[in-house]
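I opened this entry to look at one helix and the core around it.

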Amino acid sequence: MVYSERMDIDVLNQMIGDEVRIGRARKRLSRAALADLSGLSAKTIQRIENGERPADVSQMAAICAALGESIPDLVARAIERTEQ
């Protein structure tokens with residue numbers, strides 16, 4: 001998958017947040033539970049899910065590890081959603 005330079009980064013951040021929320025729901029985790037598993041605060045997870053702030057690589061790694069998925073897979077799904 002090729003990153004489109006015209007892709008709006010704010011839209012991508014929102015889609016990544018949506019994918020985190022979807023993954024959390026799939027695992028039936030509350031934000032607090034994901035926070036415990038990832039070592040991040042529930043507030044940070046909330047901000048990422050709401051697209052209010054982008055997750056840095058270490059945060060994405062912690063979230064994806066807690067959700068049992070890879071960063072590339074999660075981001076690829078987010079990119080696909082921006083192209084729809």
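Is Gln59 buried or exposed? I looked up its relative accessible area in this predicted model. The value is 11%. Buried means under 20%, so I logged Gln59 as buried.

Next I placed the residue. Gln59 sits in helix α4. I then listed its contacts, skipping residues up to four places away in sequence. Gln59 touches Leu40, Thr44, Ile48, Arg53 and Pro54.

I moved on to the helix as a whole. Helix α4 covers residues 57-67. Besides Gln59, its buried residues are Met60, Ala62, Ile63, Cys64, Ala66 and Leu67. I recalled that an α-helix has 3.6 residues a turn, so residues three or four places apart point the same way.

What covers the buried residues of α4? I found α1 (9-26), α2 (31-38), α3 (42-49) and α5 (71-82) among the covering parts. I also checked the end of the helix.

Then I turned to the largest nonpolar core. I noted 18 residues in it. Ile16, Val20, Leu34, Ile63 and Leu74 have the most contacts inside this core. The elements giving two or more residues to it are α1, α2, α3, α4 and α5. The largest share, 5 residues, comes from α4.

Key:
Residues are numbered from 1 along each chain as its sequence is written. This is a predicted model: local features need pLDDT of at least 70, side-chain atom pairs count only at pLDDT 80 or more; totals for chains, interfaces and linings use all residues. Side-chain values use heavy atoms; hydrogens and water are left out. Buried means under 20% relative accessible area, exposed over 50%, partly exposed in between (1.4 Å probe, protein chains only). Helices (H or I, at least four residues) and strands (E, at least two) are DSSP runs, numbered from the N terminus. Contact means heavy atoms within 4.5 Å. A nonpolar core is a set of buried Ala, Val, Leu, Ile, Met, Phe, Trp, Tyr and Cys residues joined through side-chain atoms within 4.5 Å.
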